[in-house]
Amino acid sequence: MNVFDSIPDGFFNCLASFANHRAYAGCLNAIYEQYNSAVSYRLPRADIRDSLTIYLLQNHIELNEDGTEDLSAGNDQANFIIRKFVTAGYIEEETDDTTFEKYIVMTDNGIALAEFLEKLSKPRRAEYSNYILNIYNRLKYQTNEQKKEPYSLLVRPAFEDAKALSSDLKKLSTSIKKIIETMLHEGTLVSLTENIIKYCDGDFIREYSRLVKQQNIHLYRNYITQELERLKGESFDLIVQNLMNEEKIDMDEAEERVSEMIDSTKTFLHDDYNKIMEDIKQKINTYIRIAIARERMLRNKGFDLKGCVEQAVRLLIQTEDTNDED
């Protein structure tokens, strides 16, 4: 099913507004924060209006909409945004049958959009080593409940963790490319040194080190593969039945999906993971070579910053030695 079959027409219009897209995104986040901290799924409309008014005033926002509607007052702008969000399908308005008080309810689509925007503005820091440990621990220390529901509690989580690790490692590979591009434009030894220190002390190096040292996948993947094979052999019918019951599909489709999940997880652990990590390692080495070449070029231009040079080279040599050991 296409995503536009499940969302209202004009769902993205607010974010496509050239004049007000930042204001609308901020207001949606303000509503989501109220919703996230509330006990009830329904929020008094007056409270939402007031929180939007405060957000607009604190951020000195004045909506710039075409039309004849006067939006000069804070409450007028907040009410306009509420109506706009109702039309877009982010929220719904309800009236209490007893008190006749108006309430705001966030729709599933509105919540999903707010969470997506939050992830874009504040990307989570991936703990790459946790994915492998999660798969290993689930399979190693199976509970009675997991043995009864092997599809939803063992096979599918293993597949989802492997898929998530693959996605995050690919993002990491892309981020290194951006770092390399930044390195090419460093104009002074000071900025070059700061770049290197930030890189060597950053979250990436710590997580990468854990992946290739303490939490090396080679320590776990043989056991994981053997256990997945055992499940496929001994519990295949139960796994298929779990999937059929959960998603209401026929046996042929369930058997195909279970086999694909297990085989795909094994393929990632033994083949795809190695390819992605090798690509990352090559990019790290490229970063080091470019940094050293850049340092030499800047030094030859006559910069007299011996301390910066020595510090940069020392960090690079340490990093290069770590990579060679891998």
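## Contacts around Ile224

Two residues are in contact when heavy atoms of one lie within 4.5 Å of heavy atoms of the other. By that rule, Ile224 touches Ile132, Ile135, Tyr136, Leu139 and Leu269, with residues up to four places away in sequence not counted. The model shown here is a predicted one.

## The chain as a whole

The protein chain has 14 helices and 3 strands. Of its 326 residues, 43% count as buried. Its accessible surface comes to about 18,900 Å². Carbon and sulfur atoms account for 48% of that surface.

Take the contacts between residues at least 6 apart in sequence: 70% of them join residues at least 24 apart.

The largest nonpolar core has 48 residues. Ile224 is one of the residues with the most contacts inside this core.

Helix 13 gives the most, with 15 residues. A second core is separate and has 29 residues. Among them are Tyr24, Tyr32, Ile48 and Ala88.

Helix 5 covers residues 108-121, 14 residues in total. From its first C-alpha to its last it reaches 20 Å, close to the 20 Å expected at 1.5 Å a residue.

The buried residues of helix 5 are Gly110, Ile111, Leu113 and Ala114. Looking down the helix axis, these buried residues fall within an arc of 165°, so they line one face of helix 5. Their cover includes helix 1 (13-16), helix 2 (21-37) and strand 3 (102-106). The face turned away from the buried side carries exposed residues: Asp108, Lys119 and Leu120.

Ser166 lies in helix 8. Is Ser166 buried or exposed? Its relative accessible area is 12%, and under 20% counts as buried, so Ser166 is buried. Leaving aside neighbours within four places in sequence, Ser166 is in contact with Phe268 and Ile276.

Lys266 is found in helix 13. Lys266 is buried too, because its relative accessible area is 17%. Beyond its neighbours within four places in sequence, Lys266 is in contact with Thr225, Leu228 and Glu229.

## Salt bridges

Side chains of opposite charge can pair when their charged atoms come close. The structure holds 13 salt bridges. One of them joins Glu246 and Arg156, with the closest N and O atoms 2.3 Å apart. This pair links distant parts of the chain. Glu246 sits in helix 12 and Arg156 in helix 8, 90 residues apart. Glu246 is partly exposed, at 39% relative accessible area. Arg156 is also partly exposed, at 21%.

Which residues meet Arg230 in salt bridges? Glu227 is one partner, at 2.5 Å from N to O. Glu234 is another, with the closest N and O atoms 2.8 Å apart. Glu227 and Arg230 are 3 residues apart in helix 11, so about one helical turn separates them. Glu234 and Arg230 also both lie in helix 11, 4 residues apart, about one turn of the helix.

Glu227 counts as buried, at 10% relative accessibility. Arg230 counts as partly exposed, at 30%. Glu234 is exposed, with a relative accessible area of 61%. Elsewhere, salt bridges that share partners join Arg42, Glu94 and Asp96 into one network.

Technical notes
Residues are numbered from 1 along each chain as its sequence is written. This is a predicted model: local features need pLDDT of at least 70, side-chain atom pairs count only at pLDDT 80 or more; totals for chains, interfaces and linings use all residues. Side-chain values use heavy atoms; hydrogens and water are left out. Helices (H or I, at least four residues) and strands (E, at least two) are DSSP runs, numbered from the N terminus. The expected span of a helix is 1.5 Å times one less than its number of residues. Buried means under 20% relative accessible area, exposed over 50%, partly exposed in between (1.4 Å probe, protein chains only). The arc is that of the directions from the helix axis to the C-beta atoms. A nonpolar core is a set of buried Ala, Val, Leu, Ile, Met, Phe, Trp, Tyr and Cys residues joined through side-chain atoms within 4.5 Å. A salt bridge is a side-chain nitrogen of Lys or Arg within 4 Å of a carboxyl oxygen of Asp or Glu. Accessible areas come from the Shrake-Rupley method with a 1.4 Å probe; for residues, only the protein chains shown count as cover.
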